[in-house]
Amino acid sequence: MVYLFLADGFETIEALAVVDMLRRAKINVCTVGVTGKNVMSSHNISVTADITADEFKPENLEAVVLPGGMPGTLNLEANGTVQQTIDYAVDNNKFVCAICAAPSNLGQNGLLKGKEAIAFPGFEDDLTGALISEKYVVTDGRFITARGAGVAVDFGLEIVKQLANEELALKIRETIQCQ
């Protein structure tokens, strides 16, 4: 199961494009509302999460996904369940995926030391010890990071590639007419 955390102020495209790509790939994904069942995006779009953080259990966790956006990233950083889930994923060799400002959470906690990573321009200093990439989407071991909303589909397809296979990711890319 992939758990995608939503907190008030999340970037809509970064969250929902990933959910869409995973569901097209028939990969189980569950949205987790950190700030309640109904979560408001940074552009005032209300999304109903599948479950709340209070209902969350990391059973069958394959990956955790953190969309960016402000103040969504700060709200994710402040949530104990999110931080415990990241630690659980790292300790159990599961994927940790973050886009836009959200990789700053990983970098500030020392998780990207020696790893190739990327974040939204201006957040590079928060990627403590990371090897800053020029790529838009980067996978290094079990960490997948991406720059921002403009590459949200690519980010979602990279997660599909890592959890399923490259052929499926390419097939989905073709069906949505994405270069």
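**Cores, cysteines and rings**

Let's start inside. The largest nonpolar core in this predicted model has 32 residues. Within that core, the residues with the most contacts are L6, L22, V65, C97, F155, I159 and V160. Which elements give two or more residues to it? They are β1 (2–6), α1 (12–24), β6 (63–66), β7 (95–99), β11 (143–146), α5 (152–163) and α6 (166–175). The largest share comes from α1, with six residues. As background, nonpolar side chains in soluble globular proteins tend to be buried together.

Now pick out L6. What does L6 touch, leaving aside residues up to four places away in sequence? The list is A15, T31, V32, G33, V34, T35, V39, V47, A49, P67 and L76.

Next, the cysteines. How many disulfides are there? The count is zero. Take C97. Its nearest cysteine sulfur belongs to C100, and that sulfur is 15 Å away.

On to the rings. Searching the whole structure turns up two aromatic pairs. One is Y3 with F56. Their ring centres are 4.8 Å apart and their planes stand at 90 degrees, so this pair is edge-to-face. Where do the partners sit? Y3 is in strand β1, while F56 is in the loop between β5 (51–52) and β6. So the pair ties together parts that are 53 residues apart in sequence. Both Y3 and F56 are buried.

Then there is F5 with F56. Here the centres are 5.4 Å apart and the planes are at 65 degrees, so this pair is edge-to-face as well. F5 lies in strand β1 and F56 in that loop between β5 and β6, so the parts tied together are 51 residues apart in sequence. F5 counts as buried because its relative accessibility is 0%. For F56 the value is 10%, so F56 counts as buried.

Look at F95. The charged end of R142 sits over the ring of F95, 4.4 Å from the ring's centre.

Technical notes. Residues numbered from 1 in each chain as written. Predicted model: local features only at pLDDT ≥ 70, side-chain atom pairs only at ≥ 80, totals over all residues. Heavy atoms only, no water. Core = buried A, V, L, I, M, F, W, Y, C linked by side-chain atoms within 4.5 Å. Buried < 20%, exposed > 50% of the residue type's maximum accessible area, 1.4 Å probe, protein only. Helix = DSSP H or I, 4+ residues; strand = E, 2+ residues; numbered from the N terminus. Contact = heavy atoms within 4.5 Å. Disulfide = S-S within 2.5 Å. Phe/Tyr/Trp six-rings, centres within 6.5 Å; stacked < 30°, edge-to-face > 60°. Lys NZ or Arg CZ within 6 Å of the ring centre and 35° of its normal.
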